[in-house]
Every structure is written in structure tokens, then in C-alpha cells.
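I set out to record what I looked up in this structure.

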Amino acid sequence: MFDIDKYLQDLRIKEFNPSDSLIEKTKISCEKAARPRTAKHNSKTKGSKLSKAAIIAIPAAVMLLVGVFLGAFLFAEKTDPSVVAFYTVDINPSVCIHVDESEIVKSVKSQNEDAQKLLKSVSCEGLSSSQAIELIIDAAIDAGYISDTNKYVLVGRFGDGNEEALLSLQEKLESDLDDMIQLLIVSGSFEDKQSADELNVSAGLLKLSQMAEGVEVEDDAKVKDVVEQVSQINQYKYKAPYIKAESNQSGITLNWQELDFSGMGYTGKVVYNIMAAKNKSGFEDMTALKIDELSFLSTEVQPLSFFVSAESGIPENFSYYAVYAVFADDIYVKSNVVFAELPKPEPSSSPVVTQSPKPSQTPQPDPQDLVSGYISGEYIKLSWEKNEKDDFLGYKIVASKTNEHPAYPEDGYLKYITDEDVTSKSLYEGYGGLKADTYYYFSITYLYDDGSRIIGNAVRLKVPKKADEPKPTATPEPTTLPTSTPAVYPSTNIGGSIDGSIVSLNWDKISEPALEGYKVMYSFYDTTPVYGENKCYYKYWITNADTTSCSLDITSLNDYEAGKTCYFSITALYEGHTIKKAGNVISFDAPAAAPYPSTNISVSLSGNDVYATWSQITDERLEGYKVVASFTSTSPSYPADSYAAWITNTETTNYTIPESYIKGLDGYEPGKTCYFAITAVYSAAKETGAVDSLDYPY
């Protein structure tokens, strides 16, 4: 059966040379997906919005399939002439959906064991593509594959009409699922996938593994891990527009020139936050006020101006303006600061009728006791009470250096959270402009659909300074934490044994609540393997603190050589992978790999098709079968010869090879002998069994 986790291991040894610009665009798309999301915003420019999804729009010859986990058999199995495209849905279950030109589902196929279980509870045939995908996502939520700690859903479309179909799908998923998922949408063509098939890899995953500058895509990697690792180690310098200000009788016009996003290597959503302050320092000490925002795609027409009217309601003496360019929802770059004064409103001879503000708009005089916080290492841990009122819109995290009772919109905001169940946030130096060794008042403003709000109490905390984390040693030195830091970051001890090529590992449980998980590390080069170091790989990423054992085949590991010593350790991760604690190390000498079995094939005519059967291989290392055929080679094998199907369900022992495939082979002639074989594919080998043949009469 097709297993996403096992499938990733082979990526590191393939040859693939994407262009630098293609690499950078992929990095950015991954970084977008991994960063925290801000609230939905209304675009000030025409065109499709992109609020939570990343759509990569690249010429067909170099289309990316970022993080879409596909079996290489997807396009080889395109035998139904009504199928014009494939959708893939990847969470941990990996599903492929075949659709016709009307976007109606013709069939659905599972690509790993989790997907097989998931699809038992859903029926998608005959539904629209968006209905089917939403049904699959809902089932994954019910089954626990999607949670508060793992919301990534990657949807890919491969075939004709990608852009329009994907934009429609994105709008539907965002409307219905909102903050329940973190969506990444990508697209590709049949030719893109077929090119990747020649290497027996996913085009997106292969490129991702080679461009990630140190990120090792391992056989137990998850979507979340790959995306977050790329986000952590790939940082970029972006530009903000250079603005000018022009004043007239009716207001101020801010102008700027276009930015070269392509030259920055950026593709995706851009937001221009229009900011105003009393003085230049207001943009540094967080007293500036956001007065509006312009949201657009880097591939769309860029907004080049913004008008501030005399009736805009900007506080008096706010005469300094700047633009914050926001990339990937969380990377802020400030423009230059300009000075411009709004004209004073002229007296009117006619009485002016003003609307009375809604009573609910007025903040409660005494902020409610809803917010608490403390310092933990390099982080401020802010938490608040869950909303209990109807018509909830979201929480605004607000900070001020001078206002003891900060509130939105008077003091701007750091983060907008629309998920009612999210009641905590870690803040740190640099987040939204927070400065180290500086005291701020932090609060939460609760927003509601009728325009009312509730202002929480404020907590005054000093932003800790970030420190470089030293590389852990095999036996970490005891660390004395400051009395103000309640968190403790312990490591664990590992033990184990080897039986043949199977290594069994066990370790002590870590009970610290701040633990994010265990990385089961190994290396044939580094005697003290630590997560994130060169030539140190992780076999498993275990997020259940109660799981304290695992087993693996040492001959399937990266850099394996018979007789070579392999070193194992556990790295415990904390605080968003920023704190890594490695324990002791054990080692084993790698034995010679056991033989990789092959299987025989038997073929017969079935109408105009060819029916192939073979004996099942029960070796746990088996990844799947390639059904190969040739008119020109008497002993065909993969990858030297073409294959009719890539079958990842290892219990499958038959396949009907369609007439259309056979007639498309080189050397085809009616009545000519065609040779068939099964290549068994393993992570470290490809074994082809005996050949069968027949005279193909059609």
C-alpha cells in the first residue's frame, strides 16, 4: 500500500535540478502555510482574494506540486476517457479524486492505510469535486486527523482548467470550514506528474527536499513537520514601497511605485497596512494606528496609492504616515515615514446632523478580569477566558508601552484570532515589533458582529531577549533556570537492542507539559545525533508523550552500509522547536541487508486488454509493484522500461493492463510479442522477477 511517510525517504537520493527562482517561490509558499494566520480582510483591489490558502501560479512546464503526496500511479491509471483531472487531498490520509469536465467525481482512491479507513465512512462518487473534498475533510476532522495542533490540508489539482477551478474550490472551503483548517492549494499538469514519474518521486516533494537548505525530508515526516521546518530555517528580506505624500483641500494622497515581487522570489498574498502616528517614533514604540489595509496577490495589479480624507476620523495630530508591507501573513516590512497634515474642516453654515454612536460601541468603564500572562524562557505566555457570548467575531491581542488599559482599535493590535477555542498565544521579541527588555501592557479585546466589544484587563510584562540555543551534548549539563521561568526542559535516556536488521528502541517518558514531542534521531556519521544537525536524521516524530518505544529496519536508513556503526538518540523539542534537548546515545553495527524478494507474473488476454497476476510479497520493506511491459525488450524491468501501473497496496496481486496503454508502447505492431514483468520496489532496491509474454493480436 502507498504510505506517505515511507515514500518520503527515497526523495533525498534522486537527481533533480530546479531553478533558483522556482526554489525560492516554493520556500515562500511553504513559509506562508506554516505561519500563524491573521483575520480575513476585505481587499481594496479587484480580483481573487487569498486569505488562508497559497496558490502557486507558474508556467505549466515548471508547475510546482508543493507538499502534495501522490503515488506515481495516479496518471498511469487514467483509463476512463471522461476523467479530465485529478484532485489530491493530503492531511495524513492521502486521497486521489478523479473528476470529469463538469467537476463530477468519477472515482476516489486511497493512497495509504489511513485513507482506506477514512473512505469506508464516505461515498463521493457523483458529487461535485468541492462537495467530495469537503466531505473528506469533515471525515478527517471527525476521525481526529485534523485538530488544533494540526490543521494543515493540502489540496492539489492536476489537469485542465486548474486556476478557475481551484479559486472556486478555495472560496467554498474557506466559506464552509473557515478556521477549522489551514489550507494550501497547489496545481500542476499531466506532463508535470509524468515527468516526476520517470524518477519515481513526487515532483513537489523532491524539489522541496532539495531546496530546503538543511531540512531533511525523512520517511516519517508529516506535512506539518516539512512545512514548519522550511518556515523556520528560510528567512527572507522583503521590501516595502517608498511612499510620498501630497496634501490638498480634501485630504492626503499617499503614492508609491510598484514593487518587484518576482525579483524578491515571492509569490502569494501581500497586504499593505496603512499606518498613522503622532511622530516618527510611533512606528517603533507601537503607538501607531492602522487606518486601513490593501490586500492583493503578488501576481495581480498592485495598488499604488491611498487617499486619507479629512473626514477619515484619524486622531488629531496624527500627521506621520507609513506603509507596512505584510508578506506570508506574518512578515512585516516598514516603508519610509512621511509627514502630511490633514486639512482642518471648514465651518458649515448649515447644521450638521451626526449619528449617535451605538451604545454597545462604548467600552465598559472597568476592563473585565479576563487576561493573564507570564514569562517562560524567551516567550511571553498570554492566555484569556474563552468567549461566552453569541455573534462572536474574534479576539484582538493588543499591546501598548504607555496605555495601562490598551484596547482595539485605539491601540491597534498584534494578532487577530477568529477561532473561539484558541485562548492562548506565545509572543516573543520581534513579533509585531515587540522589543526585548521592554515592558508592555497586554490585553485582549473581544469583538462581536453587532459592533460591540469587551475589553479585558491588562497584564504588564517585560519582553525577554532571545538567546542563541547552544547545541546540546550527549549528556547535557544541568541548567539552572531563572526563578521567573517556570518551564523546565528535560531530556530523556534511550536504550535498545537489535535482532537481525530490526532495531528496537525505548526511552524514559518526559512528563513536562511543555514537551512538543520526541524526534527519534540516527546518524552513521555523527556520534551524538541531534535534531537539526548535518547528517543527523529523524526516523519518527512522536507527539504523544506516552509513546516511549519504536522499532525500525536499520538497512532502510539513510547512509546505510553493512558493517557501519549507526548512532541513535532522542531529541525532545519544546517552544516551537526552538529548544532541543538531546539525551544519551546508543549504537549498533549495521548487518548486511536481507535479500529483497521478487515475484513472477502470468498474463492472458482479457478482451482487448491483458490480465496480469502475480504472487504476493509479504516483506515489510516492500513499497509497491511496478507492472512493466515492452515490445522491444525481452526482459523488461523498471525503471529501464515503461510501466503500466504503480501499485502501492502490497496485498494486490492482479491488474488489467488496458489496450490503450499496450498500443502506446514503442515497437507496437498487431500480432507482435509483448513481454511483461513485475518489479518489486523497495527503498533501497528494485527487484524484477521472471518474465511472461504473449502475442498481442489487436
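Entry 1, the largest nonpolar core. I looked up its members first, taking a nonpolar core as a set of buried Ala, Val, Leu, Ile, Met, Phe, Trp, Tyr and Cys residues joined through side-chain atoms within 4.5 Å. Here buried means under 20% relative accessible area, exposed over 50%, and partly exposed in between (1.4 Å probe, protein chains only). The largest core holds 31 residues, and those that touch the most other members are Tyr87, Val89, Ile97, Ile133, Ile137 and Val153. At least two residues each come from β1 (85-90), β2 (94-99), β3 (105-110), α3 (113-119), α4 (129-142), β4 (152-159), α5 (162-177) and β5 (182-188). I noted that α4 gives the largest share of this core, six residues. Helices (H or I, at least four residues) and strands (E, at least two) are DSSP runs, numbered from the N terminus.

The model is predicted: local features need pLDDT of at least 70 and side-chain atom pairs count only at pLDDT 80 or more, while totals for chains, interfaces and linings use all residues. Residues are numbered from 1 along each chain as its sequence is written, and side-chain values use heavy atoms, with hydrogens and water left out.

I listed its contacts (heavy atoms within 4.5 Å). Not counting residues up to four places away in sequence, Ile97 touches Ala85, Phe86, Tyr87, Val89, Val105, Ser107, Val108, Ala132, Ile133 and Ile136.

Nine of the nine residues of β32 (residues 622-630) are buried. I counted strands as paired if DSSP finds at least two bridges between them. β32 runs antiparallel to β35 (residues 672-682), with eight bridges, and antiparallel to β33 (residues 643-647), with four. Val628 has Ala677 as its bridge partner in β35 and stands opposite Tyr643 in β33.

Entry 4, strand β28. From β28 (residues 579-582), Ile579 and Lys581 point one way and Lys580 and Ala582 the other, and all are buried. In a regular strand the side chains alternate between the two faces of the sheet. β27 (residues 565-574) joins β28 in the antiparallel sense by four bridges, and Tyr574 is partnered with Ile579.

I placed Ser604 in β30 (residues 601-606). Ser604 counts as partly exposed because its relative accessible area is 34%. Beyond four places in sequence, Ser604 touches Asp609, Val610, Tyr611 and Leu694. Ser604 and Asp692 are 88 residues apart in sequence, and their C-alpha atoms are 9.4 Å apart in space.
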